[in-house]
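Try each task on your own before you read the solution.

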Amino acid sequence: MQPVRATFEKRRRAKYISHLDLMRCMQRAFKRAGVPVWYTEGFNPHIYLMFPLALSLGYESGCECMDFRIDGDMTPQEAMERLNRALPPDLQLLKIAEPVRKHTDIAAADYVIMLDCAADTSAEALRQAWDRFIAQPEILVEKKTKRGMSEVDVKAQAQITGTETADNALCLRLRMPAGTSVNVNPSLLTDAFIAWLPSNAPEVHTGMMHAERTAILCADGTDFI
Amino acid sequence: MQLFDQIEPLLLQVQKPARYIGGEMGSIMKNPADIKARFAFCFPDRYDVGMSNLGMKILYSCINARPEYWCERVFAPDEDFEALMRTHHLPLYGLESLEPIRDADFIGFTLGYELCYTNILNMLDLAGVPIRQCDRGEKIAPIVCAGGSCCCNPEPIADFFDLFFLGEGEELDLEVMDLYVKMRDAGATRSEFLRAAAQIEGVYVPSFYDVTYNDDGTVRAVTPKDGAPATVRKRIISDFDKCPAPEEFVVPFSEIVHDRAVTEVLRGCLRGCRFCQAGFLYRPFREKSPETICEQSRKLIDNTGYDELSLCSLSTSDHSQIEEMMDGLLTFTEDAHINLSLPSLRVDNFSSGLMNRLRRVRSSGLTFAPEAGTQRLRDVINKNVTEEELMRTCKIAFNAGQTSVKLYFMMGLPTETDDDIRGIIELAQKVVDLFYEGERRPKGKPVQISCSVATFVPKPFTPFEFHPQDTREMIAHKQKILEDAVSGHKRIRASWHFPDTSILEAVLARGDRRLCDVIYGAWKRGCIMDAWSEHFHYDRWLDAFAEAGLNVEFYANRERSYEEVFPWDHIDYYVDKQFLIRENEKAKQAQTTQHCRLSCANCGVIKKTGKPCFSYSKQ
C-alpha cells in the first residue's frame with residue numbers, strides 16, 4: 001500500500017464544483033480509471049480520499065491537494081495518467097508524489113484576485129479606492145463559524161503582497177491564514193471592499209471577480225508538498 | 001463559447017451553479033464544423049430531475065452515436081437563475097456547447113408529466129423561439145418537437161409543436177433528423193419538411209389536423225389534410241434486446257434525484273392494471289436477456305464510476321429470468337463495491353430465492369403497491385394481488401430482518417366506497433399484526449408501515465379513460481375517512497396530497513386542443529413548475545380557464561360514453577378501443593383479466609404487430 005499526494009488543477013467549468021461534489025466526483029473517477037485504491041474498512045467501505053484544504057466555490061487553482069493510497073501493483077505515474085483520462089479537462093492532476101508534510105503543517109495560502117472594472121470605472125480609480133479601503137485601521141466583517149456568527153478584523157488576518165492594475169482590472173495578491181484550525185477566505189476582504197464602495201466611492205463600480213489560489217504554504221513559508 | 005463570459009458572472013449568485021455550466025464527465029463535446037444537425041434535448045424541469053431521466057440518457061447516446069449529429073442537454077433553470085437570465089438577456093443555452101438553443105435544428109422536449117407543460121412555454125420563451133407553431137414562419141429551423149408518454153394525447157399542447165414523436169424514439173428520431181438534413185440541404189421550407197415527415201410512422205404533425213366540436217363541447221371530428229394519415233401509429237423499435245443502450249451516462253457533479261447507473265431490463269408490462277397508463281402505452285412486453293443486461297450494466301458501471309446500479313422497468317420481478325439475471329449481476333457488483341437496487345417488485349411473485357439475493361444488497365426498506373385496500377377494488381383495477389400474497393411477501397421480508405414497509409395506494413378509483421378507503425388501514429394493520437406474530441423478527445425494533453395514498457387520475461389508453469375523476473369534495477371526504485381510520489394506529493403512517501394538482505393533471509391528460517389557450521393563459525399569469533407545490537397556483541389556472549370560456553369539470557369529472565370521439569382517437573398506441581371498453585365492463589363487474597403470459601386478452605397489439613408477444617408453449 002502506497003500513500004500518495006496528488007496535486008490537481010480546478011479551472012473554468014470545474015471551478016463551480018462544490019467541495020462535497022468534488023469528493024464524489026473523485027471517488028467516481030477512481031472507479032472509472034480502474035486505479036487500485038485503498039478502501040476504508042468497516043460496515044460501509046468507501047474509497048479513502050483526503051483533501052487537506054477545501055477550495056471555495058468559484059475559485060480556480062493549480063495547487064489543490066488530494067491524498068489517497070494505491071493498493072496494488074501500479075505506479076503513481078500510471079495512476080495519474082489513468083485518472084486524468086477519467087476526469088474532465090478542467091479538472092486534471094498535475095503531479096503525484098509521496099506526501100512529505102503533514103496536513104497540520106498547512107498554515108497559509110496565496111491568492112490572486114482580479115476585480116474587473118465596470119464600464120464607467122478606470123482601473124486606477126478602483127486602485128485608489130482600494131488603497132483608501134485598506135488604509136482603514138481595522139476592517140470588521142461577520143464570519144460564519146461553528147458557533148454562529150462572529151465579528152473578525154479581516155485586515156489583521158490578511159497579508160497583502162501585491163496591488164497592481166492590469167487590463168482594466170485591479171489585481172490583488174493576498175496571503176491568508178489557512179489550515180485545520182484557522183482558515184480565512186479572501187472573499188471576506190473583497191466582499192467587504194465591494195460593500196464599502198457604494199457609500200465611500202460612489203463613482204467606482206466593479207464587475208466580475210476572478211479568484212485563484214496560487215499556493216498552499218506551511219508555517220515556514222515553503223510549499224505544502 | 002461566446003456565452004461563457006456572459007454566464008460566468010451570474011453563476012456565483014445562484015444556488016448549485018454546477019447545474020448551469022456543463023462540463024461533466026460523459027458529456028459529449030463535438031466540433032460544430034463537423035455537425036450537420038444539432039438537437040437541443042430539453043427536459044421541462046430542473047437539472048436534478050431531468051438528469052435522472054433514463055429516456056433522455058438513451059436518446060442522448062443514440063443521437064450522439066452519429067458523428068454528424070450533436071445532441072445537447074437543456075434543463076429549466078431554477079427561479080434564481082431564470083431571473084438573472086432575463087435581467088441580463090441571456091438566452092437559454094445547451095450545456096455542452098454553451099450556445100443558444102434557438103440556433104439548433106431541433107428543439108426537442110421529453111414529456112413525462114402533464115404538469116410540466118407550462119415549463120415548455122417558459123423554456124421556449126427563454127430561448128427566444130416563438131411559442132406558437134403558427135408564428136415560426138417558413139424558415140425550416142428550429143423544429144420544435146416532443147416525445148414521451150404524454151404524447152399519447154398531445155392535443156392540449158398541439159399549438160406549440162411542429163411535430164410529435166409517438167412511441168419509441170431510438171430509431172424514429174434519427175430517421176426524422178436524416179430526412180431533415182436531406183430536405184434542408186435541398187432548400188425545403190418548414191411546412192414542406194413537416195409534410196414529408198408526417199409520412200414517417202410515428203410522426204404526428206398537429207397542424208395537419210382540423211378539429212371540430214359538437215355543441216356540448218365534445219369533439220365532432222378530427223380531419224387530416226395535406227396528405228397526413230388519418231391515424232398516426234406509435235413506433236416500436238425493431239429489436240429491444242439488440243437495441244443499443246447507453247454505455248455511458250453524463251455523470252453530474254451536483255447530486256441529482258436518481259444519482260446511479262440504471263439498466264433497463266424489460267419494456268412494457270404484461271399485467272394490464274386498468275388504472276396504469278404506462279402498462280398499456282409501452283406494449284408489447286419485451287425482455288432483455290440476462291447476458292445483455294449484465295454486459296450493459298458492467299459497461300455502464302465501468303464508464304460512469306457509479307457505486308450503485310438500479311434495474312429499471314415497470315415490473316422487474318416479471319422478468320422471466322430474474323434469478324439468473326440477479327446471479328449474473330451479483331458476481332461483479334459485490335467485488336466492485338456496487339450496491340444493486342431493484343425498484344418495481346411485485347408481491348405475487350416475490351420469491352425467497354429473490355429475497356436471498358436481495359439480502360446480499362443493502363436495502364433501505366421495501367415498497368409494495370397494493371393500490372387498493374380491499375380485494376373487491378383490487379379486482380376492479382385488475383391489480384391481481386391478493387392479501388395472502390402481500391402477507392406472504394411481508395413475512396419473507398420480516399424474516400429477513402426488515403422492519404419497515406411502504407405501501408402505495410390510490411383513492412378515487414372507479415366504484416370505490418368509503419369501506420374501500422377504510423380497507424387501506426385495515427390492510428396495513430394486518431401487516432403490523434403479522435410482524436408481531438413473526439418468530440424471527442428483530443427484537444426490540446418496532447415495525448413501521450407507511451401508506452402513501454395518491455389521488456387517481458384517469459388517463460387516455462386505459463380502460464378507465466371513460467371515467468370521471470372524483471370531484472374535489474369527494475376526495476376531501478375520502479381523505480377525512482382515511483384520517484379518521486388511521487388515528488390511533490401507532491405503527492401506521494398515512495400520507496396524502498391536496499388534490500388540486502391531480503385535478504389539473506386529469507384535465508390536461510384527457511384534454512383537447514382548446515386547452516392550448518388555457519396553458520398559455522396560465523403561463524402568462526406566472527404559472528411554471530406546477531409539479532412543485534411551492535410554485536403551484538390553482539387560482540391562476542382557474543382564471544385561465546375562465547378566460548378561455550372552459551371549465552375544469554367538463555374535462556375532469558364527466559363520464560364519457562363509448563361513442564364519444566376522444567381528442568386522441570386519431571392516435572394509435574396499438575391498443576384497441578374495443579379492448580379498453582371490454583376491460584372497463586369487466587371492471588364494473590369486479591372481474592379480473594389474466595396477465596399476458598397466462599393468456600392473451602386480445603388488446604390489439606398482436607393483430608397490429610403480426611407477432612405473438614409470448615411463445616406460450618414455453619410456459
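**Exercise 1. Where the chains meet**

How many residues of chain B are in contact with chain A, and how many of chain A with chain B?

*Solution.* Keep in mind that this is a predicted model. Start with the count: 21 residues of chain B are in contact with 17 residues of chain A. Next, look for the helices on chain B's side. Both α1 (4-11) and α9 (290-304) of chain B give at least two residues each to the side that touches chain A. Now sort that side of chain B by class, and you get 10 nonpolar, seven polar and four charged residues. Finally, check what the predictor says about the complex: it gives an ipTM of 0.87 and a pTM of 0.93. For chain B, the mean pLDDT is 93, and 95% of its residues reach 70 or more.

**Exercise 2. A tour of chain A**

Work out which elements and domains chain A has, and describe how its domains touch.

*Solution.* First, count the elements: chain A has five helices and nine strands. Then walk along from the N terminus, and the order reads β-α-β-α-β-β-α-β-β-α-β-β-α-β. Step back to look at the C-alpha trace of chain A, which spans about 60 × 35 × 30 Å along its principal axes.

The domain assignment gives chain A a domain 1 (2-99) and a domain 2 (104-218). Taken over C-alpha atoms, the centres of these two domains of chain A are 29 Å apart. As for contacts, 10 residues of domain 1 of chain A meet 11 residues of domain 2 of chain A. On the domain 1 side of that meeting in chain A, six residues are nonpolar, three are polar and one is charged.

**Exercise 3. The two domains of chain B**

*Solution.* Next come the contacts, with 25 residues of domain 1 of chain B touching 29 residues of domain 2 of chain B. By class, the domain 1 side in chain B comes to 15 nonpolar, six polar and four charged residues.

**Exercise 4. One helix, two partners**

Describe how helix α6 (residues 169-185) of chain B packs with α7(B) and with α3(B).

*Solution.* Two packed helices are described by the angle between their axes and the distance between the axes. Take α7 (residues 190-197) of chain B first: α6(B) and α7(B) pack at about 140°, with their axes 10 Å apart. An angle over 145 degrees would count as roughly antiparallel, so α6(B) is oblique to α7(B). The crossing of α6(B) and α7(B) is right-handed. Who does the touching? On α6(B), the contact residues are Val176(B), Leu179(B), Tyr180(B) and Met183(B), and on α7(B) they are Glu192(B), Phe193(B), Ala196(B) and Ala197(B). That gives seven nonpolar, no polar and one charged residues.

Now turn to α3 (residues 54-64) of chain B. The angle between α3(B) and α6(B) is about 45°, with their axes 10 Å apart, which makes α3(B) oblique to α6(B). The crossing of α3(B) and α6(B) is right-handed. Here α3(B) brings Ile58(B), Leu59(B), Cys62(B) and Ile63(B), while α6(B) brings Gly169(B), Glu170(B), Asp173(B) and Leu174(B). By class, this contact has five nonpolar, one polar and two charged residues.

**Exercise 5. Backbone details**

*Solution.* Pro142(B) sits in the loop between α5 (117-127) and β4 (143-147) of chain B. The loop holding Pro284(B) runs between α8 (277-281) and β12 (286-287) of chain B. You'll find His89(B) in the loop between α4 (79-87) and β3 (106-110) of chain B.

Definitions and conventions: Residues are numbered from 1 along each chain as its sequence is written. Chains are lettered from A and ligands numbered from 1 in the order in which they are written. This is a predicted model: local features need pLDDT of at least 70, side-chain atom pairs count only at pLDDT 80 or more; totals for chains, interfaces and linings use all residues. Domain bounds come from an automatic or database domain assignment. Two residues are in contact if their C-beta atoms, placed from the backbone, lie within 7 Å. Ala, Val, Leu, Ile, Met, Phe, Trp, Tyr, Cys and Pro count as nonpolar, Asp, Glu, Lys and Arg as charged, and the others, Gly among them, as polar. Axes are lines fitted to C-alpha atoms, for helices over the stretch in contact, and angles run from 0 to 180 degrees between N-to-C directions. Helices (H or I, at least four residues) and strands (E, at least two) are DSSP runs, numbered from the N terminus. Angles under 35 degrees count as roughly parallel, over 145 as roughly antiparallel, 65 to 115 as roughly perpendicular and the rest as oblique. A crossing is left-handed if the near helix is turned anticlockwise from the far one by less than a right angle, and right-handed if clockwise. pLDDT is the predictor's confidence in each residue, from 0 to 100.
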